[in-house]
Amino acid sequence: MSKASIPFPEPGSAVPDFDMPASGGRTVSLKDEKGHPFVLYFYPKANTSGCTKEACEFEAALADLQKDGVSVIGVSRDGMAAIEKFAADHALTFPLASDTDGSVTEAYGVWVEKSMYGRKYMGIERATFLVDATGHLVHAWRKVKVTNHVAAVRKAITALTLQAGAKGQ
């Protein structure tokens, strides 16, 4: 079992490219997201308790995020059938992307060795990236704990929005 060899992106660096199928018959790509800030978050598995709570909290905050010009994309290695069911079960309107080949999770450094009950296995480390309009990483959260996470992301977005406003003056 090999560990991910690509390091987690650092703030200020350009984020790795991506192009994935997503819920609702959509496709998400870095090219299409450039021009406005966005949240790219990685979750281990659709329809599990923590992933459901996180997705529902992002959905609850979505209208406010969109007012700030920020979109949200969730990413897992689940297939599209599981992702579509997850989105439908919880009325999730933002895109949930499928990275079945693992290229995006590996590029972002979130495919890691995990351990549960003494058993080691490879899986997605719950992580969130706030990316600016130019495709550069503003903030990254690793080993995310779901409780209060979306509030922390919103706080960082507010700071980014204020910073962008100050530059425009």
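Predicted model: local features only at pLDDT ≥ 70, side-chain atom pairs only at ≥ 80, totals over all residues.
Let me begin with the contacts in this chain, where contact means heavy atoms within 4.5 Å: among those between residues at least 6 apart in sequence, 66% join residues at least 24 apart. Residues are numbered from 1 along each chain as its sequence is written, and side-chain values use heavy atoms, with hydrogens and water left out.

Now the overall layout. The secondary structure comes to 5 helices and 9 strands, taken as DSSP runs numbered from the N terminus, with helices being H or I of at least four residues and strands being E of at least two. Read from the N terminus, the order of elements is β-β-α-β-α-β-α-β-α-β-β-β-β-α. The radius of gyration, taken over C-alpha atoms, is 15 Å, close to the 15 Å from the globule rule for 169 residues (2.2 Å times the number of residues to the power 0.38), so the chain is as compact as a globular protein of that length. Along its principal axes, the C-alpha trace spans about 55 × 35 × 30 Å. Of the 169 residues, 46% count as buried, where buried means under 20% relative accessible area, exposed means over 50%, and partly exposed lies in between, with a 1.4 Å probe and protein chains only.

Let me turn to helix α3, residues 80–89, in which Ile 83, Phe 86 and Ala 87 are buried. Seen down the axis of α3, these buried residues fall within an arc of 95°, counted from the directions from the helix axis to the C-beta atoms, so they line one face of the helix. The buried residues of α3 pack against α2 (49–67), β4 (71–76) and β5 (96–98), whereas the face turned away from the buried side carries the exposed residues Ala 81 and Ala 88. After α3 comes Ala 91, whose phi is positive, near 50°.

Which residue does the UniProt annotation "active site" cover? According to that unreviewed entry it covers Cys 51, with the caution that positions are given in the numbering used here, feature names are shortened, and annotations may be inferred rather than shown by experiment. Cys 51 lies in helix α2, and it counts as buried because its relative accessibility is 1%. Leaving aside neighbours within four places in sequence, Cys 51 is in contact with Tyr 43, Pro 44, Lys 45, Phe 86 and Arg 126, and Phe 86 is one of the buried residues of α3.
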